[in-house]
Amino acid sequence: MISALTLLLAFQLAGEVIARGLGLQVPGPVIGMALLFGALLLRGGPGEDLRQTADKLLQHLSLLFIPAGTGIVMYGELIAAEWVPLTAALLGSTFLAIGVTMLVLKALSKRPKTGQSTQP
Amino acid sequence: MTPQLTELWVYLSASPLLGLTLTLMAYQAAFWLYRRTGFHPLANPVMLAIAMLATVLWLGDIDYRSYFDGAQFVHFLLGPATVALAIPLYTQWPRLKTMAGPLVIALVLGSLTAVLSAYAIGAMLGASHASLMSLAPKSVTTPIAMAVAEPLGGLPALAAALVMLTGVIGAVGAPYLYRWLRIGDHAIRGFAIGLAAHGIGTARAFQISEQAGAFAALAMGLNGLLTALSLPWIMPWLERLLGR
């Protein structure tokens with residue numbers, strides 16, 4: 001577990017260095033994820049330790065958003081000032097985005113691939 | 001309160017121990033309720049825990065910053081957890097590859113829907129320019145949304161709050177949309193919630209399955225990139241088109 005955590009932190013660090021070094025707007029951990037993904041492709045998969053540690057972390061991913069999410073309390077006044085348009089826009093556009101994405105994917109993935117369907 | 005109790009409270013409310021313990025307790029209590037309601041979407045643990053903590057901070061007159069001094073130890077783990085998303089992505093890679101074309105098309109259409117519909121609804125109901133520009137990047141992860149909103153004339157702090165609310169709305173609402181639109185495929189469920197509701201949606205997707213989580217993580221990352229690259233020219237173009 002410790003060696004897996006060290007590995008994850010090392011990839012995050014590499015991601016931060018690249019993001020800051022190149023002045024990218026992409027967060028360092030996202031670059032770290034891409035680097036680790038590349039390393040896994042090259043290496044042919046994660047070891048048991050890394051897989052278990054990742055599972056544990058991701059199982060409780062919800063917990064990790066709670067401190068930042070609670071920050072909403074600081075912006076109550078900003079939101080209250082225009083709460084009608086903001087609430088309507090958040091609800092409407094979040095549901096629309098989920099709906100459109102799912103319907104597009106469903107429509108596109110239903111179509112059988114002509115090249116593959118004839119193969120055994 | 002007696003003097004000793006007051007002293008204890010002064011110590012505790014300034015110590016990181018309190019914020020950290022409260023965060024873990026709120027999460028456990030919220031998760032217990034979520035399980036007790038048979039995983040009802042409206043009992044979403046992130047939403048419940050945030051509501052509990054907000055109430056406790058308000059009742060105890062605790063400043064968010066001093067709460068975060070403790071809670072930051074949990075918050076810090078978001079970094080390595082984000083890196084760890086590479087592992088489910090690797091596991092799902094064979095299926096991801098076969099869906100590459102449809103995923104790219106759904107990404108572009110879903111991302112545009114998120115931005116344009118937020119702008120349209122907000123503008124119709126009279127939101128200010130600063131609010132509209134803070135709303136536009138609400139479907140992507142906080143650091144990207146804040147960085148994108150500011151040069152457009154949005155408020156980074158408002159953008160951050162709207163991002164969080166979007167995540168909770170997506171996580172609570174998505175199960176209803178799955179049922180209503182009859183979407184059973186975990187890959188499609190995950191991709192949509194990750195695209196529209198970033199990390200909080202991705203956390204919700206991991207409660208469905210590892211496959212849903214992996215597709216959510218992919219959508220979150222790609223929509224973050226797409227939004228960071230496209231919004232700086234979509235929004236000025238849109239405003240010019242509408243003559244605002």
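Q: What makes domain 1 and domain 2 of chain A domains, and what are their bounds?
A: Domain bounds are those of an automatic or database domain assignment. For chain A that assignment gives domain 1 as 1-64 and domain 2 as 72-111. The C-alpha centres of domain 1 and domain 2 of chain A lie 29 Å apart. This is a predicted model, in which local features need pLDDT of at least 70, side-chain atom pairs count only at pLDDT 80 or more, and totals for chains, interfaces and linings use all residues. Residues are numbered from 1 along each chain as its sequence is written, while chains are lettered from A and ligands numbered from 1 in the order in which they are written.

Q: How is chain B divided, and how many residues of each domain are in contact?
A: Chain B is divided into domain 1 (3-76) and domain 2 (83-242), with C-alpha centres 27 Å apart. Two residues are in contact if their C-beta atoms, placed from the backbone, lie within 7 Å; on this criterion, domain 1 of chain B gives 5 residues and domain 2 of chain B gives 7.

Q: Why are α11(B) and α12(B) called oblique to each other?
A: Helices here are DSSP runs of H or I with at least four residues, numbered from the N terminus. Helix α11 (residues 156-180) and helix α12 (residues 186-208) of chain B pack at about 135 degrees, their axes 8 Å apart. Angles run from 0 to 180 degrees between N-to-C directions, and axes are lines fitted to C-alpha atoms over the stretch in contact. Under 35 degrees counts as roughly parallel, over 145 as roughly antiparallel, 65 to 115 as roughly perpendicular and the rest as oblique. The pair α11(B) and α12(B) is therefore oblique.

Q: Which hand does the crossing of α11(B) and α12(B) have?
A: The crossing of α11(B) and α12(B) is left-handed, a term used if the near helix is turned anticlockwise from the far one by less than a right angle.

Q: How many residues does each chain bring to the contact between chain A and chain B, and which element of chain A gives the largest share?
A: Chain A brings 66 residues and chain B brings 89. On the side of chain A that touches chain B, α7(A) gives the largest share, 24 residues.

Q: How confident is the predictor in chain B and in the complex?
A: On the pLDDT scale, which gives confidence in each residue from 0 to 100, chain B averages 92, and 99% of its residues score at least 70. The complex receives an ipTM of 0.90 and a pTM of 0.88.

Note on methods:
Helices (H or I, at least four residues) and strands (E, at least two) are DSSP runs, numbered from the N terminus.
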